[in-house]
Amino acid sequence: LASARAARRVTVLLSDCKATDDVDPVPAAAGVEELLILAPADDAEEAYAFAAATGSRITVMASAADAPAALLELLHGR
């Protein structure tokens, strides 16, 4: 997104943010201008920690059907 000319550059991550390898994702994620995390409500502990470590905003979803409302909430900063 670095070369994008848009006024707002948003990256959306749908994840529980559990580590899957030995590479620390925090430095890369911290470099993203605006990172929004949508995590599963029943397994979000690590996603909350990741959001705190990267300065990202997060919300949780009970199901995939909640994704549109959850994304709208994050995009509007609520």
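Predicted model: local features only at pLDDT ≥ 70, side-chain atom pairs only at ≥ 80, totals over all residues.
Residues are numbered from 1 along each chain as its sequence is written, and side-chain values use heavy atoms, with hydrogens and water left out.

**Exercise 1. Describe the secondary structure of the protein and its overall dimensions.**

Step 1. Helices (H or I, at least four residues) and strands (E, at least two) are taken as DSSP runs, numbered from the N terminus. With these terms the protein has 3 helices and 3 strands, and along the sequence they follow the pattern β-α-β-α-β-α.

Step 2. The radius of gyration is 13 Å, close to the 12 Å that the globule rule gives for 78 residues, so the protein is as compact as a globular protein of that length. Here the radius is taken over C-alpha atoms, and the rule is 2.2 Å times the number of residues to the power 0.38.

Step 3. Along its principal axes, the C-alpha trace spans about 35 × 35 × 15 Å.

Step 4. Buried residues (under 20% relative accessible area, with exposed over 50% and partly exposed in between, for a 1.4 Å probe and protein chains only) make up 26% of the 78 residues. The protein exposes about 5,200 Å², of which carbon and sulfur atoms supply 55%; these areas come from the Shrake-Rupley method with a 1.4 Å probe.

Step 5. Contact means heavy atoms within 4.5 Å. Among contacts between residues at least 6 apart in sequence, 47% join residues at least 24 apart.

**Exercise 2. Which residues line the largest pocket, and how do they divide into nonpolar, polar and charged?**

Step 1. On a 1 Å grid over the protein atoms alone, a pocket is an open set of points where a 1.4 Å probe fits, with protein on both sides within 12 Å along at least five of seven lines, and lining residues have an atom within 4 Å of a point. The largest pocket has a volume of about 220 Å³, a volume being the space filled by probe spheres set on the points, which are joined across faces, edges and corners.

Step 2. The lining consists of Leu13, Ser15, Cys17, Lys18, Ala19, Thr20, Asp21, Val23, Asp24, Pro25, Val26 and Phe50.

Step 3. These residues divide into 7 nonpolar, 2 polar and 3 charged, where Ala, Val, Leu, Ile, Met, Phe, Trp, Tyr, Cys and Pro count as nonpolar, Asp, Glu, Lys and Arg as charged, and the others, Gly among them, as polar.

Step 4. Cysteine 17, one of the lining residues, sits in the loop between strand S1 (10-14) and helix H1 (26-30). Cysteine 17 is buried at 15% relative accessibility, and its phi is positive, about 65°, although it is not a glycine.

**Exercise 3. Which residues does threonine 59 touch beyond four places in sequence?**

Step 1. Threonine 59 is found in strand S3 (residues 57-61) and counts as buried at 9% relative accessibility.

Step 2. Not counting residues up to four places away, threonine 59 touches Ile37, Leu38, Ala39, Ala70, Glu73 and Leu74.

Step 3. One of these partners, glutamate 73, lies in helix H3 and is partly exposed, with a relative accessible area of 31%.
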